[in-house]
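Here is a briefing on one protein model. Read it beside the coordinates.

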Amino acid sequence: MLVPIFTLKLGHKIHPRTAALGRYDGRHPCLTAGTTAGKVFIHNPHSSALQGGRAIASHDNDISILNINQQVSAVAAGPLNSTGCDTLLVGTPTNFLAYDVENNSDLFYKDIADGANVIVTGRLGSFENPLAIVGGNCSIQGFDFEGNDEFWTVTGDNVCSLAMCDFNGDGLAELLVGSEDFDIRVFKEDEIIAEMTETESVTSLCPIRGSRFGYALGNGTVGVYDKTARYWRIKSKNQAITIHSFDLDSDGVPELITGWSNGKIDARSDRTGEVVFKDNFSAAIGGILEGDYRMDGKVELICCSVEGEVRGYLPASAEMKGNLMDVNVEQDALRDLAQRKQNLLLELKNYEENAKVGKVGGQEVDQSQMGVIPANTQLQTSLLVNPGSEQVQPHVQLSISTTNETVIRTVMIFAEGVFEGESHVVHPSQQSLKSSLQVPVFPPRDIPVDLHIKAFVGQKSSNHFQVFELTRQLPRFTLYISCPDGYAEPKSSCSFHINERVNRAVMWLNQNFLLPDEIESRDGDLDIMFLSLRTGNPLAIKMDQSGNVSIKTDDMDLAGDIIQALATFLGIEDLQTTAEFPDHLEELRGVLLKVDELHAVRQKLTAEMADHSNLIRSLVVRAEDARLMGDMKNMRKGYMELYDLNRDLINGYKIRCNNHTELLSCLKLVNQAIQRAGKLRVGKAKSQVIAGCRQAIKNNNVNGLFKIIKAGSL
């Protein structure tokens, strides 16, 4: 059994997902973590505690404390320059600090309105210097050693996790971004090259090897992707706090190490998801790291609990041969073979019972009771859009039927993100058994979904049933029907030109929309109008023989989804478009005005707070002077003024908090508007729009911003 090589009790609580290991002097590894009290501690067992600057020595001589005086939301450590020393990086909901621990001084301190939810360091793409990449409120920023804003882009929702790996095998690192809108996006510098949609917010990401990476979701799911293909996933009732890759069994391949909310640590094979090692802490896991913490030339896996317990594990020796679970390999093999034997015997027994169908004791035995069904029995499925009614929401009706008189006893459907718990079971009563079943499916978003169907089929009086398994895919745009008469064309639109024939666009429509009858390939122009059953708004798609395409919809997100899906189908790498979305732009204008107002209020409140701070100093001095001189009247007067001033400061702080919350929500809307404008383009045109919008906002050029959103450039 693999046991910890060292155990520490630090006496400081660790805020989940804020642990890091840094060599701040270039040699000695120091465990660093954020605490729940707005502080960051640095554990350095190799030299005395730091003193000076922000750092103060703790009662434990190995630990230094940095007072951040704000909630610590992210901690990271990594080299940002060529000195060979790591820089400590600390994120809060409003600021980002780069700290030189060795010299006890700030490298730079940045106000970040979007906040710092997560930080990762490394060399991104073709950037010459390493960057500290900060994920916040729908935005991603990259800072160099001097605090210059070298990289900026937007993503669909709040950033929950970041990681770097060579996703496309070009020798350069791509940025993996997990967000609250359930998507994992892969950025090659500022261009999105891949997107994977999951079923919950993506709370953790970690590179494993090559293009393979691990992920964890907010619902307790953990898994591994290789590029866009998912290798495996498991789901637990506990939450995966953090994940890390480490070769624990010394087989040359890193395992996925997961720290859980119930204090469990497990290591799983990156290929199969099989558990190869596990251990338990008395409290939830706060972080998983790796490093040569004992300075003996051996890298340990370092696991920390939220209560400050730290354990270090050395990789297994070669003699253990990957057997970390303290089990006898021969006994394990015997158990597996015994289980297989039991399953085969049970299967044989069923065959023998079916073979006995005929005369038993001179009496005929009903074949249907034995579960025998005709050899040509097939399971058929069909999908139909149901527009719904006052009592029923719009949905997709999945019909499942057999090709003869056999009945369907039970249907189990597995689909990610569609059903609560990802599965749905239909179990009709004995009296209502039929050869067909209808199951309503409610797709929450415009994404393709695989429906994995298992059906129990048999005779009505059967005791045994045959299991049929099949997979049916829901197209991406399912809840759309042909638009009835009486709907006007939307006034908002997006137009572009492609070098493709109309029948290729028709082929895409047939594959991505759930139509009662396929649209026939045509040589003329394409002009079709749908009605969205989710929003009740029309969608018009037009294309002429010259390759001019127009998508008319008042929903900017939908236009972006259609453009991205069409570009992927047709293999278009670069696409510039012209967009006209007056309602969205007017809404954005209002949000930008509100942002300016909130910034002005924030500056005014900050100035008032600074004035109050100066006044407090003078009042304290006056009140204390009066006390020392025995002038109780003036002392009482001074402290009453201090009391009133303190109350005003608290009220001002509450106003600042509300102001910051409003500002965050407005900035999120601005970043999402930029993201939508980017999704209307493909490739370099998309990157150009996002960069142009960023520059226009920096320069407070609202008209320029709107021109970029409309035309793609100034």
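The side chain of Ser 139 makes a polar contact with the side chain of Asp 114, at 3.0 Å. The model is a predicted one. Ser 139 sits in strand β13, which covers residues 139-143. Its relative accessibility is 1%, so Ser 139 counts as buried, the cut-off being under 20%.

- Setting aside residues up to four places away in sequence, Ser 139 touches Asp 114, Val 134, Trp 152, Thr 153, Val 154, Val 159 and Asn 671.
- Arg 268 belongs to strand β25, residues 264-268.
- Is Arg 268 buried or exposed? Arg 268 counts as buried, because its relative accessibility is 10%.
- Beyond its neighbours within four places in sequence, Arg 268 is in contact with Trp 232, Ile 234, Glu 255, Leu 256, Gly 273, Glu 274 and Val 275.

**Salt bridges**

- Side chains of opposite charge can pair when their charged atoms come close.
- How many salt bridges does a search of the whole structure find? The search finds 37.
- One network of salt bridges links Glu 198, Arg 230, Arg 233, Lys 235, Glu 416 and Glu 422.
- Glu 195 and Arg 185 meet through their side chains in a salt bridge, 3.4 Å from N to O.
- That pair links distant parts of the chain, 10 residues apart: Glu 195 is in strand β18 (residues 191-197) and Arg 185 is in strand β17 (residues 183-188).
- Another salt bridge joins the side chains of Asp 446 and Arg 534, with 2.7 Å from N to O.
- Asp 446 lies in the loop between β36 (436-441) and β37 (449-458), and Arg 534 lies in the loop between β41 (526-532) and β42 (538-543), so this pair ties together parts 88 residues apart in sequence.
- Asp 446 is buried, with a relative accessible area of 11%. Arg 534 counts as partly exposed at 33% relative accessibility.

**Domains and the interface of domain 2 and domain 3**

- The protein is divided into domain 1 (379-474), domain 2 (480-572) and domain 3 (582-711).
- The contact between domain 2 and domain 3 takes 14 residues from domain 2 and 11 residues from domain 3.
- The C-alpha centres of domain 2 and domain 3 lie 43 Å apart.
- The size of an interface is often given as the accessible area lost when the parts come together.
- For domain 2 and domain 3, the buried area is about 1,100 Å², and carbon and sulfur atoms give 61% of it.
- The interface of domain 2 and domain 3 holds 3 salt bridges by the rule.
- Across the interface of domain 2 and domain 3 there are also 6 residue pairs in polar contact, with both residues at pLDDT 80 or more.
- Which helix gives the largest share of the side of domain 2 that touches domain 3? Helix α3 (residues 556-570) does, with 8 residues.
- On that side of domain 2, the residues divide into 6 nonpolar, 3 polar and 5 charged.

**The Asp 561 and Lys 679 pair**

- Asp 561 forms a salt bridge with Lys 679, and their closest N and O atoms are 2.8 Å apart.
- Why does this pair tie together parts that are 118 residues apart in sequence? Asp 561 lies in helix α3, and Lys 679 lies in helix α5 (residues 632-679).
- Both partners are classed as buried: Asp 561 has 14% relative accessibility, and Lys 679 has a relative accessible area of 18%.

**Helix α7**

- Helix α7 spans residues 702-711, and its buried residues are Gly 704, Leu 705, Phe 706, Ile 708 and Ile 709.
- These buried residues pack against α3, β44 (578-580), α4 (582-628), α5 and α6 (684-698).
- Gly 712 follows α7, and the phi of Gly 712 is positive, near 95°.

Notes: Residues are numbered from 1 along each chain as its sequence is written. This is a predicted model: local features need pLDDT of at least 70, side-chain atom pairs count only at pLDDT 80 or more; totals for chains, interfaces and linings use all residues. Side-chain values use heavy atoms; hydrogens and water are left out. Domain bounds come from an automatic or database domain assignment. Contact means heavy atoms within 4.5 Å. Buried area is the accessible area (1.4 Å probe) that two parts lose on being put together, summed over both. A salt bridge is a side-chain nitrogen of Lys or Arg within 4 Å of a carboxyl oxygen of Asp or Glu. A polar contact is a pair of N or O atoms within 3.5 Å; within protein, one must be able to donate a hydrogen and the other to accept it, and residues adjacent in sequence count only if both atoms are side-chain atoms. Helices (H or I, at least four residues) and strands (E, at least two) are DSSP runs, numbered from the N terminus. Ala, Val, Leu, Ile, Met, Phe, Trp, Tyr, Cys and Pro count as nonpolar, Asp, Glu, Lys and Arg as charged, and the others, Gly among them, as polar. Buried means under 20% relative accessible area, exposed over 50%, partly exposed in between (1.4 Å probe, protein chains only).
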